[in-house]
Amino acid sequence: MDLLQGLNPAQRQAVEAVDGPVLVIAGPGSGKTRVIVQRIAYLVKTCGVRPYRIIAVTFTNRAARELRERVHRLLGQSVQDLTLGTFHAICARILRIEADDAGLDSSFTIYDAADQTSLLKRTLEDTGIDPKRFSPGALKHAISAAKARLLTPAEFATTRANYFDEVVLRAYERYEERLRQSNALDFDDLIMKVVRLLEGNDRVREKYQSRYVHVLIDEFQDTNLAQYRLARLLAGGSRNLCVVGDPDQSIYAWRQADVGNILNFEKDYPGAQVIKLEQNYRSTQTILEASSEVIAVNRERKAKELWTENQQGLPITVVDALNEQDEALLVVHEIDRLTKEAGRRFSDCAVMYRTNAQSRPLEEAFVRYGLPYHLVGATRFYERREVKDVLAYLRLINNPFDDVNLLRIVNVPSRGIGQRSLDELARWATGESVPIYTALQLLAQSDDPDEQSRSGPELTARALRSLTAFRELIDSLAEAAKQRTVAELVEHVLTQTGYRDHLLASDDRGEERLENVLELRTVAEGQALFDDENALGEFLESIALVSDADDAGERPDSATLITLHQAKGLEFPVVFIVGMEEGVLPHIRSFDDPAQMEEERRLCYVGMTRARERLYLVRAYRRAAMGTRTTNPPSRFLADVPKRLTVSPSRRGRDAVSTPSRPESGRTATRVGTLVLDQTPAPDLKPAPAPFQAGDRVRHEIFGDGIVVTCGVNGVDHEATVAFRGDVGVKRLLLAYAPLEKV
DNA sequence: ATGTTTATTATTTTT
DNA sequence: TAATAAACAT
C-alpha cells in the first residue's frame, strides 16, 4: 500500500518531511487530520520508526480519539504503543509515573473548574480577601494565567504590577498550599509540573527525550507558553518536532493561547520546513471565498491563498430577522424546508452562536415545531450534581486528604453535620495545617485520656459522634474498595452511604438522577479491564480529563446547536450562524481591544468555514439581552462578505404563512414570515411604503382597537407605535410580525 | 435541616 | 430577565 497515494503535493510533503522541525499551516478543510494520520503511518511503515518512539499531542479528547481510530485503521494493533492523547492526559500520566521526582503523591486528585472555585473560595476566607471586591472567577483566571506562563507564586511576585496582582499573589500562595495539602492538582498544574520536572530533573528529561524521537503537536495555534515549552522539551532530543495549526483559527487567546507560538516558529526553530496546506476539500468556492474575505481584514496575520476544486455552489444567504424569536423561527423553518424539499437530514444542519444564552430561543423554536435537535455541551455528564457527588465519594476513597470533595459530601445525605460544626472543624484543621480527614483522625485520638492536653476543636458531643461516624464510613469504604471492581464499588457506595435513598427521596427527578449515577457505574464496568490494584485510580483519571460520558455515541437524526468555539474542528453541509450583530458577534467586550476584535473575526471565520454547501448568516434587528432590549446594527463581518456572493431573500410576512410541519398540539403556532430563497440575488431590501399613517385606526388580534401614533422604518420593516384602547396602552409593533389591520 | 428570600451575575471554557 | 447561589428564617 502506498501511503502517499491520494495526497496533494503539499500534503505529501508534510507527510514525508520527517527530519527536523516542521511547521504545517493547515487551512480549514485542508485535510489536516489526514496528513497527521498518514505521517504517523509513514513514520512507522516506511521509515521503520517504532510506534513507541512517537508522541502525538492534541487539545481535545475528540481529536485524540479520532486520530487513534484512523491510525488504527492503517497500523492495526501497533497504535497501542503510540503515545497519543491530550496535553493534560499525557501530563497526568507522566506525573503519576514520575510522582516521586515531581514531589507528588501518585494518588493525587485532579480538580476541575468547579473544584478549583470551591477551593479558591476557602482560600479567600483564609486570606481575608473580600469576594465582593475580587470575584473568585477573576482570581481563578489570574492564577490560571500565571500557571500558563509557568509562574510560581514567588515568580509571579516579581512580575506583579498593581494592587490586583497583589491580591492575586496572596490568593495564589494560599491556594497552592491548600492544593498541596489536599494532594490535588488543577488542570494547569498538570502541564506546569511536567515542564518543571523535565527542566529540573536530568534523569527524567533524558528518559523522555531519548524515548520520543518524533513529536507531533496538533492545534499549535492554541498552545500557551507552558504547552509550548513542553513541546520544546519533548522534542529536545531529536528536534523532530512537527507542529500543525492555523493562526486564523486561534480563538483561545483568552485562555492564554499565544498565536506567537506558531507565528514565530521559524525563528525559534531555524531551518524549519514550512508547509502550507491551502487546498480546501470541504466548502464550495462561494463559502471559501466569502470566509477568506472576512479573515483577510485582520492585520496581525500572514496571508494564505486558499483554493478549492469544489463547485461554485449556492450563494450565502444573509437574512435579517426582527428579534431573536423571529431569528429562531426562521432557522427552524428553513431546516424544516431543507429536510422536506432539499433531501437534507437534520443531522446535516448546525446552528452556531457566539454565546450559550443564544441557544434558548432556538431551542424553544425547535421544541415548538417538533423538530429534532441536540444542544452540544449543555449539561455535561460529569458536571451533574449527582454524578459529582458519587465521584466525590470515589475520589475521597482514593485520596482522603481531598478537602474539596470531602466537604462536598460530608453531609450529603445529611448526617447531622451542620455548617457550624463543619466550620469549627475546618478552622481547627487550618490552624493545625492538616487536611480535614487528618483532623478527623486526630479527633479520634484526642478521645484518649492521655491526649486531653491538646486543645481540640470545640464540638458538641453530637457533632463529634456524627463526624466520627463519617470518618468510619470513609474508612470502611476504602477497605471495601480493595476487594471490589470499580462498578461494584459504585454500587457499594450508593448503598452504604445512603445516597441512593437520598436521591430517590429528595427530589421528584430522583429516578432520573439515579439513572445518571447508574450510568456512571456502566462507564466503570467498561473499564473493568484493568484489574490491577489501582483500578480505582485509573478510572478516576480516565474521567477527570473528559467532560462527556459518551459524546462518541450515535445520535438520532437531529440538528446541532453549538457555540462557535465548540464548532472548531467540525463540519456540516448546512450551517447557520445566528446573531450576526455588533455586540454579539463581535462580542461587545471586544470593542475596545483590537487584538480581541481580531479574535472575534477569527471566530466568525471558524464558523463560516464549518459549512460545506450552504451557509446562512442571520441577524436580529432587536434582541433581549440581560433584561434589556437592544437594537444592534448588523455585524461588521457581514459587510466584509462580498455582495456578489450573497442573497438576501425577501421575507413575506403576514400573507405568506407556511404551516410548520409538526406543530405541538395545544399551542398556537405563531404567524411568521417565510423565508423565500431565490437564486437570483435580490437587491438590497427596502421596506415597502408605510402601510399606516399617524391617526389611522387599526385593529390587532390580541390588543384590540387602537390609533397609530407614529409609523416609521425600522430596518427592513416598519415599526408602528399604536395607542390601544382600554388598559392595553401604547405598544410598539413591528408590522411584519404583528398582524395589524386597518379599520 | 429545610424551604424561602435575597443577592449576584451573565463571553467564549479543548482540559 | 432569569438562573443560581448564598443568606436567612422557620
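A charge sits over a ring if NZ of Lys or CZ of Arg is within 6 Å of the ring centre and within 35 degrees of the ring normal. In this predicted model, Arg 96 is placed that way over the face of Phe 108, at 3.8 Å from the ring centre.

**How to read the values**
- Residues are numbered from 1 along each chain as its sequence is written, while chains are lettered from A and ligands numbered from 1 in the order in which they are written.
- Local features need pLDDT of at least 70, side-chain atom pairs count only at pLDDT 80 or more, and totals for chains, interfaces and linings use all residues, with side-chain values taken from heavy atoms and with hydrogens and water left out.

**Aromatic rings**
- Rings of Phe, Tyr and Trp (its six-membered ring) pair if their centres lie within 6.5 Å; planes under 30 degrees apart count as stacked, over 60 as edge-to-face and the rest as tilted.
- The whole structure holds 13 aromatic pairs.
- Tyr 208 and Tyr 212 are stacked because their ring centres are 6.4 Å apart and their planes meet at 25°.
- Tyr 208 is buried at 6% relative accessibility, and Tyr 212 is buried at 4% (buried means under 20% relative accessible area, exposed over 50%, partly exposed in between, with a 1.4 Å probe and protein chains only).
- Phe 576 and Tyr 616 are also stacked, with 4.2 Å between centres and 10° between planes.
- Phe 576 belongs to strand E15 (residues 572-577) and Tyr 616 to strand E16 (residues 611-620), so this pair ties together parts 40 residues apart in sequence; strands are DSSP runs of at least two residues, numbered from the N terminus.
- Both Phe 576 and Tyr 616 are buried.
- Phe 220, Tyr 228, Phe 265 and Tyr 269 are linked into a cluster by ring pairs, and Arg 232 lies over the face of Tyr 269, at 4.9 Å from the ring centre.

**DNA strand B**
- There are 26 residues around DNA strand B, and the closest are Tyr 252, Arg 354, Arg 380, Thr 563 and Arg 589 (near means that a heavy atom of the residue lies within 4 Å).
- Sugar or phosphate supplies 55% of the atoms of DNA strand B within 4 Å of the protein, and bases supply the rest.
- A polar backbone atom of Asn 356 is 2.9 Å from a phosphate oxygen of DNA strand B.
- An N or O atom in the His 565 side chain is 3.4 Å from a base oxygen of DNA strand B.

**DNA strand C**
- Around DNA strand C are Lys 121, Arg 360 and Gly 627.
- Of the atoms of DNA strand C within 4 Å of the protein, 78% belong to sugar and phosphate.
- Polar side-chain atoms lie 2.7 Å from a phosphate oxygen of DNA strand C for Lys 121, and 2.4 Å for Arg 360.

Note on methods
A polar contact is a pair of N or O atoms within 3.5 Å; within protein, one must be able to donate a hydrogen and the other to accept it, and residues adjacent in sequence count only if both atoms are side-chain atoms. Helices (H or I, at least four residues) and strands (E, at least two) are DSSP runs, numbered from the N terminus.
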